[in-house]
Amino acid sequence: MPRKSQKRRSFRDYSQYLRYTNSYPNLNVPYINLNIIFDELIDSYLATNVGMVENFLSKALSAHLADNISALYADDLLLSAGTGNNLLVNHNKLIRSDKIYWLDRLHNNLYENDFFDLMDRFVKHLNSTCYAGITGYEFHYTLYEKGSFYKRHLDNFKQNGTRVFSMIMYLNNKVDGGELRIYQENSSQDIAPNAGKSVFFKSNELEHEVLVTHLPRMSVTGWLKVAR
């Protein structure tokens, strides 16, 4: 994925960014904030094949989305996840044991729509800076109950090549297990599912798994897609 050259300030971390913006109160802080976070996610992907950034979701939005999952779980609306595409789904508890619920603007949920607005902005930024050609996306809530996992797999199905990038946004303030393990050649990387963090990688290139979680693990998980 080529990166358009652009003139922009580089920040070592989010706290440094906050110190910078606090010195310039007339700046459009939300706009600059998001572009810096987007660029950090993209640049880390280009450097390592695994993009990762803290604070992709604000603390408030992360908490509201976690509350949505808790309400859906209480109402028994989360469904057991399967493997395969829409035409071929295999529910095998030995492969994955998470529960999901698809996000949709038709739900008219304030916080889901805030999330979609954020993703629209990220996709626009990704396309304008990297020629990514993303035309759509799909996301679902994910809940791993205590003892749940997802064995090693790829996200892009042979029957459907529309998924280009996988994205995960974590919602947990308390973490015990449930790390995302990503495999590259002869090495692996474990990523803790802390609230607000986003992970971004190519759907058809990197195998990954979710290790057994010892506390309920919540996220928004999905894919950026292209037309076929």
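Which residue in E13 is the bridge partner of Met167? I looked it up: Gly222 is the partner in E13.

**Ground rules.** I'm working from a predicted model, where local features need pLDDT of at least 70, side-chain atom pairs count only at pLDDT 80 or more, and totals for chains, interfaces and linings use all residues. Numbering starts from 1 along each chain as its sequence is written, and side-chain values use heavy atoms, with hydrogens and water left out.

**Entry 1: strand E13.** Strands here are DSSP runs (E, at least two residues) and helices are too (H or I, at least four), numbered from the N terminus. I count two strands as paired if DSSP finds at least two bridges between them. E13 covers residues 217-225. Strand E8 (residues 163-170) is joined to E13 by seven bridges, and the two run antiparallel. Strand E6 (residues 136-144) also pairs with E13 in the antiparallel sense, over nine bridges. On that side I noted His140, whose bridge partner in E13 is Thr221.

Then I checked burial (buried is under 20% relative accessible area, exposed over 50%, partly exposed in between, with a 1.4 Å probe and protein chains only). Nine of the nine residues of E13 are buried. Arg217, Ser219, Thr221, Trp223 and Lys225 point one way, while Met218, Val220, Gly222 and Leu224 point the other way.

**Entry 2: the open sheet.** I found four strands in the order E7-E12-E9-E10, with antiparallel pairing. E7 (150-153) and E10 (187-191) are at the edges with a single partner strand each, so one side of each has no neighbour in the sheet. E9 (residues 180-184) is joined to E10 by five bridges, and Leu180 has Ile191 as its bridge partner in E10.

**Entry 3: second largest pocket.** How much space lies in it? I get about 270 Å³. A pocket here is an open set of points on a 1 Å grid over the protein atoms alone, where a 1.4 Å probe fits, with protein on both sides within 12 Å along at least five of seven lines; lining residues have an atom within 4 Å of a point. The volume is the space filled by probe spheres set on the points.

Of the 14 lining residues, Leu34, Phe56, Leu57, Ser58 and Leu118 are the closest to the centre. Helices H2 (29-48), H3 (59-74) and H4 (110-130) are the elements that give two or more residues to this lining, and H4 gives the most, with four.
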